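Dear colleague,

Please find below the structure for your review. My notes on what was found in it follow directly after.

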Amino acid sequence: MLDYLLPAIFVLLAWWLSTGVVLYLNRLPPSTYRFSLLGATALLGLAVYTVPVVAAQSGQPSVLLGFAQALAIWAWCEMTHFMGFLTGPVKAPCPPALAGMRRFLRAVGTSLHHELSVVLCGVLLLLLTWDTVNPVAGWAFLALWMLRWSAKLNLYLGVPNLHEDWIPAHLKHLTSYMRRRPMNILFPVSVTLSSIGAALLWAGTAHAPTPATATGMTLVATLLALGALEHWFLVLPLRDSRLWDWALRLAGRDAPSPETTAGPVTARPGDPATRPAALDSRRHPPAVAKPRQSGLSARRAEGARNCTVLGQTSAP
């Protein structure tokens, strides 16, 4: 049992921590981006250089290391995009009247260079790990690649939770290519395919030829399950960004409030937010300090206040 549980825990912690680190670095001042990318590029070079060596080893530690290599390469792809170094030729919001294929092609243009870098990294990893005893780095990157494209297409077609607060200021034009809708036709397909893939891999671990192969299948299966969970976060009324509030605090930025991550709230007629201010002020006039009165004058004033109805006074 532990042979399957420990790799799943490893993926969960690696997913949570790597996402937090990338989010933290992206929320730092732009003046730090060059140094962050310098470190990420050095890590990328080390990961790519050692992929063939790790892929030729069949031990369980090598399987875990191959998964970590895929995460390091994926983190570089994400950082170059969100820090504005690899985006696309389109850097302007979507015109309101644009629709159909023209809108889709323009949306692709906002991150075309980033997508090409992901394709190149993915093809390179698959070639380096093809027909090896430990292809986990290629499997994991391919899973991240497909899940990311699926999430982007769902955001384009429309979901309730767009997570605009995760997008840095220099990429805010991307939000104009997203739609807020209760559901889209792709969402159930995305969740179903990723869930089936995870289930098949988990089931296949019982017939894996070696423990290392079973570990690799467990790693990728858990990653697919987390991808399905992230898709559900796009439609459920939950603020999943709470998982990474610590990264925002470390970066010196306030964590997003529920109002900034949830959809727009529609006020009902009669709520305090929609009630005319003039009516509220007449029903509940602001308290004004008055001089103390005594005797008959105080009793007459109290009686007058008790007979006040919507600003009309009837003196006894």
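Leu17 counts as partly exposed, because its relative accessibility is 44% and that class covers the range between 20% and 50%. The residue is found in helix H1, which comprises residues 2-27. Please note that the model is a predicted one. Leu17 also contributes to a nonpolar surface patch of about 790 Å², whose other members include Leu13, Trp16, Val21 and Leu243.

Turning to the aromatic residues, the structure holds 7 aromatic pairs. One of them joins Trp15 and Trp244 edge-to-face, with 5.3 Å from centre to centre and 80 degrees between the planes. Since Trp15 lies in helix H1 and Trp244 in the loop between helix H8 (211-233) and helix H9 (245-250), this pair ties together parts that are 229 residues apart in sequence. Both Trp15 and Trp244 are buried.

Trp74 and Phe141 likewise form a pair: their ring centres are 5.4 Å apart and their planes stand at 75 degrees, so the arrangement is edge-to-face. Trp74 belongs to helix H3 (residues 60-82) and Phe141 to helix H6 (residues 136-157), and the pair therefore links parts 67 residues apart in sequence. Trp74 is buried at a relative accessible area of 11%, and Phe141 is buried at 1% relative accessibility.

Finally, Ser190 is located in helix H7 (residues 186-204). With a relative accessible area of 9%, Ser190 is buried. Its side chain makes a polar contact of 2.7 Å with that of Ser150. Leaving aside residues up to four places away in sequence, Ser190 touches Ser150, Asn154 and His231.

With kind regards

Definitions and conventions: Residues are numbered from 1 along each chain as its sequence is written. This is a predicted model: local features need pLDDT of at least 70, side-chain atom pairs count only at pLDDT 80 or more; totals for chains, interfaces and linings use all residues. Side-chain values use heavy atoms; hydrogens and water are left out. Helices (H or I, at least four residues) and strands (E, at least two) are DSSP runs, numbered from the N terminus. Buried means under 20% relative accessible area, exposed over 50%, partly exposed in between (1.4 Å probe, protein chains only). A polar contact is a pair of N or O atoms within 3.5 Å; within protein, one must be able to donate a hydrogen and the other to accept it, and residues adjacent in sequence count only if both atoms are side-chain atoms. Contact means heavy atoms within 4.5 Å. Patches are made of residues with over 30% relative accessible area and no salt bridge: like charges are joined within 9 Å, nonpolar side chains (Val, Leu, Ile, Met, Phe, Trp, Tyr) within 5 Å. Accessible areas come from the Shrake-Rupley method with a 1.4 Å probe; for residues, only the protein chains shown count as cover. A salt bridge is a side-chain nitrogen of Lys or Arg within 4 Å of a carboxyl oxygen of Asp or Glu. Rings of Phe, Tyr and Trp (its six-membered ring) pair if their centres lie within 6.5 Å; planes under 30 degrees apart count as stacked, over 60 as edge-to-face and the rest as tilted.
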